[in-house]
Amino acid sequence: MPLAAAAAVAACPSPVGLSRPSCRAYACPRRRRGFRLEASSSSASAPAPTAADEGAGAGPCPVVRFDMDDFAIADRVSVGLHGRSGEMIFEATVRDPSSELYGSTVVLRQLKSSQAKRRGRRALEVLKKLARRQMMYDSYALQVHGYIAPGNAAEQEDVPFVLVHGYHGSYSLHHWLQLSDWLPTLEATLALDEEQARRVGDDSVGGPAVTRQLRLIRILMRDLLIGVNYLHSHGLAHTELRLENVHVSPIDKHVKVGILGNASDFHDSDPSSSTVASNNERRKMMIAFDMRCVGFIMAKMVLRELLDSSTFFKFKSFLTKGNDPSCLREFLLPILCQNSPSGNIGLQMLDRQWGAGWNLLALLLATKPEKRISCLDALRHPFLCGPKWRINPSTSIIRWGLGSTAIRMTEDYIYGHHQRRRLAYFVELMEVLNPNLRTELLPGRWRLLYCTGRHIGLTLRQPSPRILISDVFLTVSSESVDPVLCVTSDIGFRIMPESNWPHDKSGTEGVLSATTSARITAGRVYIHEQEGKENRVTSSRSSRRYLRGKWRKGSKMKELPASLASVNIAMDEVDISMSCKSTLNVNSAEKVLQEIRTQTPPEMFDLSKIVCGTYIDARLMVLRGVNGSALLFIRSNPTTDS
């Protein structure tokens, strides 16, 4: 059907059945057609721009009205320019010798439906508004050369409106990423060399796959953010940012944000409600929507598994259900490692620089629009700035980096005392850099990552029965308006066969649950329980120890507080239950219970031993027991626990 339509258009001198309105020609050098058009008709169907529309000093309008005779239609239709229903897209060559575009390839976007025509005319209006900085527009958006429109309102309903815009290859960024050799092909298209590596602050050219992809994604993301910021600075929001609308030009090596057919003004069109407050609110909401779309583009570029529609649906459902984007790593980890046991490249890119990629992704996809990062702040983010760029990280970035590093360390087996000591030191730093707790973040489902107390593993003993502890969860839910919480500890385990348990980890699965009610009381002193001169001296020494070196810039405090704000949890009676898929007698059940208590931190089995929380945010939580041991938790999504 597209080929037949293209052939029909080529055979017909003017398929849209139009005749030019009467025009006045003005001598104008350096113009595509050599003249500027001013329509004598006031019909809305022929949006020929006038000099009055441009304003003083705007220069000639770049929009030109063409005839279909000016083009030689190609015998194939473009496949990567994201056509919709009501649109047909095909390539053409300008054959008018008097045109500056003579011999160049353009795209004819034939708009048939009324909604498609509205988008085409809106693209022309946006081009008129951005004509003052035509070079920036041509660098970061698809060039709109002109249009072919019906001559009167009567023909508008039946005859399509044709938009003439630049050709930057028949592949969108979505199609590029789906190619098997997308990385070297895009590198060749962008002509990446040492100079380009210097621009993104990365001194490595080529190198491992992770470094190569990270360098390329930095270039694409920075170019995209510059283009989006260009629109925002001119009072416009794109509103249709997605991979299918983003193109990479091999000519000027820039990312194009596509046709601005759905671009919207920040200011309300209704004069009755055009107050300063309403305009500011509208501006913030539109910018936040664009930044969320940029976050989706970044997620798909880094994590190519999200190009699959079913996987992306799970990813988007996680956000639409109100889950915090800072917990995306915990949610995506099983999905990303499912088909790549040796390591996922996208996961490695986001984990670099203390998990800076996950932080930028969380800021772009923040649940509350006012919390989303702006284009300028995103361009200064450590993830998009290479190692040669010196950036002073904020306290929130440092806290995020500490938590990400602690998570990465817990994913590896802790072999020696020095590794345990290092992880305990990171937990203490997290507590120090989080003096103000947000107890409203306490409810939720948390997975135990690590405990600083002593662990006894199966390699040191040969117990009977052999029990393998899987995941340990702590679920906190609010019972009523009163500050009463229901706390449940779920300990998953597996009873392995005793004969071949070192090699055969299969067995009978079960769950041990401990449920109780808890009341949060005033915070207790955690570091120093007594006041005195000796304690103040100790606090001063502790402050200097934590605030020296690389952490000195992360905190504005000259001295740390004498005590850390904590949360007291008063527990009621504990209800313990155990379920197993196989039938156990009383003696066997007692042995299983005893072995679980031996391998599990006592604070999880006996919840009354959890006395305070010293670190609680949207992603991580640190609880302290009566013996001083710290339990590090990460917020878990219930849909991924299975």
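This is a predicted model: local features need pLDDT of at least 70, side-chain atom pairs count only at pLDDT 80 or more; totals for chains, interfaces and linings use all residues.
Visitor: How many helices and strands does the protein have?

Guide: Helices (H or I, at least four residues) and strands (E, at least two) are DSSP runs, numbered from the N terminus. The protein has 19 helices and 19 strands.

Visitor: What share of the residues is buried?

Guide: A residue is buried under 20% relative accessible area, exposed over 50%, and partly exposed in between (1.4 Å probe, protein chains only). Of the 642 residues in the protein, 50% are buried. Accessible areas come from the Shrake-Rupley method with a 1.4 Å probe, and for residues only the protein chains shown count as cover. The protein exposes about 30600 Å², of which carbon and sulfur atoms supply 51%.

Visitor: Which contacts in the protein join residues at least 24 apart, and what percentage are they?

Guide: Contact means heavy atoms within 4.5 Å. Among contacts between residues at least 6 apart in sequence, 70% join residues at least 24 apart.

Visitor: Where is L220, and is this residue buried or exposed?

Guide: L220 belongs to helix 9 (residues 209-233), and its relative accessibility of 3% is why L220 counts as buried. Apart from neighbours within four places in sequence, L220 is in contact with L173, L186, L190, V248, V255 and M301. L220 and L384 are 164 residues apart along the chain, and their C-alpha atoms are separated by 10.0 Å.

Visitor: Where do A263 and S264 lie?

Guide: A263 lies in the loop between strand 9 and strand 10, and S264 is in strand 10 (residues 264-265). A263 counts as buried at 6% relative accessibility, and S264 is buried with a relative accessible area of 17%.

Visitor: Which residues does each of them touch?

Guide: Residues up to four places away in sequence are not counted here. A263 touches R122, V126, A237, H238 and T239, and S264 touches R122, G235, L236, A237, T239, R282 and M286. A263 and E125 are 138 residues apart in sequence and 9.6 Å apart in space, C-alpha to C-alpha.

Visitor: How is the packing of helix 10 and helix 13 described?

Guide: Axes are lines fitted to C-alpha atoms, for helices over the stretch in contact, and angles run from 0 to 180 degrees between N-to-C directions. The axes of helix 10 (residues 276-302) and helix 13 come within 10 Å and cross at roughly 165°. That angle makes helix 10 roughly antiparallel to helix 13. Angles under 35 degrees count as roughly parallel, over 145 as roughly antiparallel, 65 to 115 as roughly perpendicular and the rest as oblique.

Visitor: What is the handedness of this crossing, and which residues meet?

Guide: A crossing is left-handed if the near helix is turned anticlockwise from the far one by less than a right angle, and right-handed if clockwise. Helix 10 passes helix 13 in a left-handed crossing. In helix 10, M291, R292, V294, G295, M298, A299 and V302 meet G346, M349, L350, G357, L360, L361 and L364 of helix 13. These residues divide into 10 nonpolar, 3 polar and 1 charged. Here Ala, Val, Leu, Ile, Met, Phe, Trp, Tyr, Cys and Pro count as nonpolar, Asp, Glu, Lys and Arg as charged, and the others, Gly among them, as polar.

Visitor: How do helix 11 and helix 12 pack?

Guide: Helix 11 (residues 309-320) and helix 12 (residues 328-336) pack at an angle of about 160°, with axes 11 Å apart. Helix 11 is therefore roughly antiparallel to helix 12, and the crossing is right-handed.

Visitor: What is the phi of K253 and of W354?

Guide: Most residues other than glycine have a negative phi. K253, which is not a glycine, has a positive phi of about 60°; this residue is in the loop between strand 8 (247-248) and strand 9 (255-256). W354 has a positive phi near 65° and is found in helix 13 (residues 345-364). K253 is partly exposed at 31% relative accessible area, and W354 is partly exposed at 33%.

Terms used. Residues are numbered from 1 along each chain as its sequence is written. Side-chain values use heavy atoms; hydrogens and water are left out.
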